[in-house]
Structures are given as C-alpha cells and as structure tokens.
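Subject: Structure handover

Hello,

I am passing a structure on to you. Please look at it first; my notes on what was found follow below.

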Amino acid sequence: MEGEMLKGHLDMIVLAALAAGPAHGYAVIEEIRRRSDHAFNLPEGTIYPALHRLQQAGLLSSRWVTAESGRRRRIYALTTNGARALAKRRAVWRQFSSAIAGLLGGKRSRKPA
Amino acid sequence: MIAVYLRQLADALAFDPALAERVLPEIRDHLEEALAAEPTEDRDEAERRIIAKFGDPRELAAQFAPISLMRHTRRAGVAVVLTIVIVMALMKARMLWYAFVQWTLNEEARPIAQLFVTIDRYAFWLAAAIGTASLLYIAWYPTPVRAHAHYQKHLRRAAMLFVFTTVLLGVSVASDLILTALQFRSEFGALVPAASMAIEIGCIVAIVFLVANAARRLARSGIALLQL
C-alpha cells in the first residue's frame, strides 16, 4: 500500500492496534502487520513519533516495565479519550469508505421523484 | 551496526537531548527484539535488514521535531499562566498583610503610588488575558506528522505571545516592587512583603528562562529541519 496514503491514517491505525490491549512499539507493529495481512509496510521507526504524538494529545498513556529479557520497555495503552477518538475515527472512516466505494463502483444515487 | 544507527539517531535528535534520552532506549529495545526474531544466523545481514526496515534516522528525527517543539512551547505557556496565578495570589496576600499590620502610604508618596498602581493593574490584567488566550490557542492545535511551515508559524506566533505576556508580567512585578519599596518599613513585619517580592521575581526569572528556551528551540529546530 502507498506509504503516503498510510501516513495519513497512521494515528487511526496505531489507535486501532492498541484497542486490542496495551503493547510496546514492536508489538504494535506486529499487530498492524498481522491484522492488515501484511498489507501495511511502513518504515518501522515511523510508529514511534506517532506513539509519542498520540501520547502528547492525551490519547495514549505509557509506562516503563522490565521485559523477561531484562531490557526496559515502554508499554502504551489507550486512554478513555483515545478510545473515544478511535470510535469517532472509525465512524468517519466507515462513512468515507462507503462513499468512495459507491463512487468507484459507479453507483448513482436515485433522484427524488 | 545497531550501535552506529543509534548514534546517528542521537545526533539527529540533538535538538532535544531530553527527548533523545527517552526515545533511544525504546528504539534500542525494538531493534534488539527484531534482531532476536530474525531467522538468519548471519548477524550482520540481520542487523542490516532490521535497520533498513526501521528507516532513515534523519527522517525519524524530523518526525519527532514537531512533538518536541510543541512540548517546549506548551511548557512555557503553562509556566506563564502559573506565574500569573502566583503573582496575583502574592499581590492579594500583600494587600491583606498591609491591612493587618496597618501600613499606609505617606501623603507625598500617594500620587506616584497611584501611577504605579494603574500601570500594575493594566499590565497584569493584559498579561492574564493574553497569556491564558495564548495557552488555549496552543493547547487546541494538534501536533502534525511533519513540522510544516504553517505549524512552525503557529508555534512562533504562540511563542511571541508568551514573550509579550512575560514582558507585561515583568512590568507588573516591577511596579509591585516600587509600590512595596514606597510602603517599606524596617521592622519584623517587612519579611512578608520582602519574601513575596522575592518569589515574584524568582517566578519572572524562571519564565524568562523557559520562554527564551522555547523560542531558541523553535529557531534552532527551524534551521535543523531545513537541513533534513
């Protein structure tokens, strides 16, 4: 999928990946790959500015934990505002994709009688 | 190879060392986890592939720049508004203290005191209005993916408003200082106005530092972004 097209929806994609539960950056990328059936192939680093930006906007929270490997790891989770923002973006996206599907499918709306 | 990549990223994030300190361990963890998941036994080849998938460090730093700029500008704004609240609380406390210890002005000092009371009042309320409006203005602006020209202009406008608010607060605190000096008496009760003035001056020095730091970062990152 086109990188620029993906970047425009990156925040929504990250929020959707974290809707499954708290995760660290690497796990978020794995979740995006798995759920998109490997269709989304952004540079992996791109996810970190998005995570920080969403946290700054109050849509995510984060905490540091120590992983089994002994490495320090930052875990992100959706906040209440984040869950609300995701629901709103989902609704807008459904409306948008249905409109585009209608347009590209060549369907014409019926004129009122 | 991962160590070299992290050093390059640290260099690219040099515009915000605190941000670099927070981001680098997170990215190191990511790269090491990706390395552990690599099926190949050729470590060099695996590292090369992981770094290629992760992306260019300069491009990554450019995406962190708007986050850093927004954080520092907002922090300066919050400090300005907090200072407004502290200065107002201290002014009110001093008034109450003067009434309690029954300190009054000399007749000959009254006209000059009246002038500084007027300057103080207008400077303070103007600072309160501009400072609060500027913080709201910046709080509602979303951080973009890239620090585009419009975003930089928006942040610069907010920083200028914070500079203006700081100048007005400085005028208000200077007027407070003159009014306090006009009423000052060498007695034990003088400790209260002296301490409150010291706190006000300390707050002004702190916000001058924070606002100047935010403005300097804005200027420096603007140059850095042009080079990216």
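In the contact between the two chains, 17 residues come from chain A and 21 residues from chain B; two residues are in contact if their C-beta atoms, placed from the backbone, lie within 7 Å. On the side of chain A that touches chain B, the elements giving two or more residues are helix 3 (25-35), helix 4 (47-56) and strand 3 (72-78) of chain A. Helices (H or I, at least four residues) and strands (E, at least two) are DSSP runs, numbered from the N terminus. Helix 4 of chain A gives the most to that side, with five residues.

This is a predicted model, in which local features need pLDDT of at least 70 and side-chain atom pairs count only at pLDDT 80 or more, while totals for chains, interfaces and linings use all residues. Residues are numbered from 1 along each chain as its sequence is written, and chains are lettered from A and ligands numbered from 1 in the order in which they are written.

Now to chain B. Chain B has seven helices and zero strands, and its pattern along the sequence is α-α-α-α-α-α-α. The radius of gyration of chain B (over C-alpha atoms) is 25 Å, well over the 17 Å from the globule rule (2.2 Å times the number of residues to the power 0.38) for 228 residues, so chain B is more spread out than a compact globule. Along the principal axes, the C-alpha atoms of chain B fill a box of roughly 90 × 35 × 25 Å. Among contacts in chain B between residues at least 6 apart in sequence, 85% join residues at least 24 apart.

Regards
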